[in-house]
Amino acid sequence: MTHVLIVGSGPTGLTLAIELARRGVDLRIVERSPEHPGGVRGKGLQPRTQEVFDDLGVIDEIVATGSAYPPIRSYQDGKVVWEGRMDEVKPVTDGEPYPNLVMQPQWRTERILRDRLAELGHHVELGTEVTDFEQDADGVTVTLGTGETVRCAYLVGADGGRSTVRKRLGIGFAGETFDSERMLLADVKVRGLDRDHWHIWGDMVAKELRVSLCPLPGTDVFQLVTTLDSLDEVTDVEIDEVVWRSEYRVNIRMADRFRVGRVFLAGDAAHVHSPAGGQGLNTGVQDAYNLGWKLASGDERLIDTYEYERMGVAEHVLGLSTRLLRDQDLSRGDETKQLGLAYYGSPLSVGERGGQRLGALLAEQRGTGFLLLADTTQQYGEQITVVPPLPGQEGVMLVRPDGYIGYHGDEAGLSAYLSGFGIPAPLASASR
């Protein structure tokens with residue numbers, strides 16, 4: 001019996017597979033497409049996602065092969081009318097080790113994640129479609145297009161906005177499709193443009209942005225984004241080759257539920273965003289980062305918090321990306337970095353700082369266990385690493401495997417918190 005079957009091999013599915021694999025969980029990850037995708041859909045990796053990739057062991061290659069976002073150069077009537085940046089470049093600090101957005105083509109992000117998954121002994125099964133499934137109290141029986149039947153404890157649909165898993169569950173996908181906002185997305189080779197700027201045509205004052213050509217790091221192509229009737233505005237650029245292209249309509253939708261029994265939704269299967277603000281891919285990665293350690297625990301009380309925590313975040317992020325789309329504002333601030341997202345009100349969040357991202361001690365947080373910031377004589381099990389408290393810290397703080405503070409309070413209440421979620425309580429009291 002496979003413990004977890006993951007449907008879809010984009011960044012969400014791959015992140016979840018890595019999270020499970022490094023904890024020794026039996027898994028399979030299947031992909032309907034017969035080949036890995038090309039083309040650049042998402043390209044912006046937010047600071048919070050970079051912290052996740054640090055923990056997964058892929059950040060060095062992500063940073064080495066990616067780049068900072070270039071300054072923007074805007075044109076009108078063949079002349080440069082504005083230059084500037086999306087956001088201010090910030091220095092590295094203890095609380096923000098990855099403070100700036102990284103540009104990384106999605107196909108390369110996926111390749112890096114697949115390589116990491118292979119190091120852990122697992123591979124994507126291409127050309128393998130889920131055609132049906134039935135669940136009962138003990139597991140899920142999944143039928144594949146190959147004719148194989150798979151029995152698993154949990155099924156996770158990370159299979160995109162047109163998710164087969166979501167449709168089979170009958171879950172509503174409320175929101176809007178903007179038919180009037182049909183866009184062309186393409187990877188192109190061009191002449192007449194430098195690769196030191198992100199080139200935009202339109203009226204920056206009126207915030208009418210019609211054509212965008214952005215150089216992609218480590219390639220000889222630009223990402224083209226435009227309305228279908230605006231290419232004639234680009235008079236000084238010659239397109240030599242269209243390497244990949246896709247037409248799309250802006251979709252803004254969210255599933256009514258992220259879980260039904262033993263079946264879960266994550267990433268675009270649960271929420272689809274406008275491209276404004278670069279939130280979609282990043283939110284999906286963090287869905288997987290939240291769900292992975294909980295599924296690996298096998299504790300229903302932990303697993304049950306996934307839907308509550310991630311639905312709240314998805315709703316907030318959808319509102320943000322929709323506002324950025326409507327405002328057509330290229331400037332970016334701290335709100336898009338996803339560092340301020342928190343799980344306030346979650347059953348897992350107890351105490352004054354419960355639910356907040358810790359931020360500090362990123363190196364100490366690497367791995368699959370909990371981090372306890374405490375000056376204590378208690379001995380804890382192997383799942384919990386004890387480190388000294390932060391300067392000025394009151395009480396003890398237990399940091400979850402995904403970097404958020406679960407418990408903040410006195411040590412006497414910590415044992416009850418741990419046992420309430422199936423986490424091993426202190427083993428004994430040791431003399432100092």
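1. Basis of the values. Because the model is predicted, local features need pLDDT of at least 70 and side-chain atom pairs count only at pLDDT 80 or more, whereas totals for chains, interfaces and linings use all residues. Residues are numbered from 1 along each chain as its sequence is written, and side-chain values use heavy atoms, with hydrogens and water left out.

2. The largest cavity. The structure holds two cavities of 30 Å³ or more, a cavity being a set of points on a 1 Å grid over the protein atoms alone where a 1.4 Å probe fits but cannot get out. The largest cavity has a volume of about 110 Å³, taken as the space filled by probe spheres set on grid points that are joined across faces, edges and corners. Its lining, meaning residues with an atom within 4 Å of a point, comprises 13 residues, and those closest to the centre are Arg 48, Tyr 289, Leu 362, Gln 365 and Gly 403. Helix 2 and helix 9 (362-365) are the elements that give two or more residues to this lining, and helix 2 provides the largest share, four residues; helices are DSSP runs of H or I with at least four residues, and strands are runs of E with at least two, numbered from the N terminus. By class the lining has four nonpolar, three polar and six charged residues, where Ala, Val, Leu, Ile, Met, Phe, Trp, Tyr, Cys and Pro count as nonpolar, Asp, Glu, Lys and Arg as charged, and the others, Gly among them, as polar.

3. The second largest cavity. About 40 Å³ of space lies in the second largest cavity, whose lining includes Arg 48, Val 52, Gln 286, Tyr 289, Asn 290 and Arg 310. Helix 6 supplies the largest share of this lining, three residues, and the classes are four nonpolar, two polar and three charged.

4. The second largest pocket. Of its 13 lining residues, Trp 293, Ala 296, Ser 297, Phe 370 and Gln 383 lie nearest the centre. Here too the largest share, three residues, comes from helix 6 (residues 280-297), while the lining has seven nonpolar, four polar and two charged residues.

5. Asp 54 is found in helix 2 (residues 47-56) and counts as buried at 5% relative accessibility, since buried means under 20% relative accessible area with a 1.4 Å probe and protein chains only. Leaving aside residues up to four places away in sequence, Asp 54 touches Ile 59, Tyr 98, Leu 362 and Arg 366, contact meaning heavy atoms within 4.5 Å. A nonpolar core is a set of buried Ala, Val, Leu, Ile, Met, Phe, Trp, Tyr and Cys residues joined through side-chain atoms within 4.5 Å; of the 65 residues in the largest, Phe 53, Val 142, Leu 155 and Leu 295 touch the most other members. Apart from that core lies another of 16 residues, among them Phe 370, Tyr 380, Ile 384 and Phe 421.

6. A strand pair. Strand 9 (residues 130-136) and strand 10 (residues 139-144) pair in the antiparallel sense over six bridges, pairing requiring at least two DSSP bridges. The two strands form a hairpin with two residues between them, and Asp 136 has Gly 139 in strand 10 as its bridge partner.

Notes. On a 1 Å grid over the protein atoms alone, a cavity is a set of points where a 1.4 Å probe fits but cannot get out, and a pocket is an open set with protein on both sides within 12 Å along at least five of seven lines; lining residues have an atom within 4 Å of a point. Buried means under 20% relative accessible area, exposed over 50%, partly exposed in between (1.4 Å probe, protein chains only).
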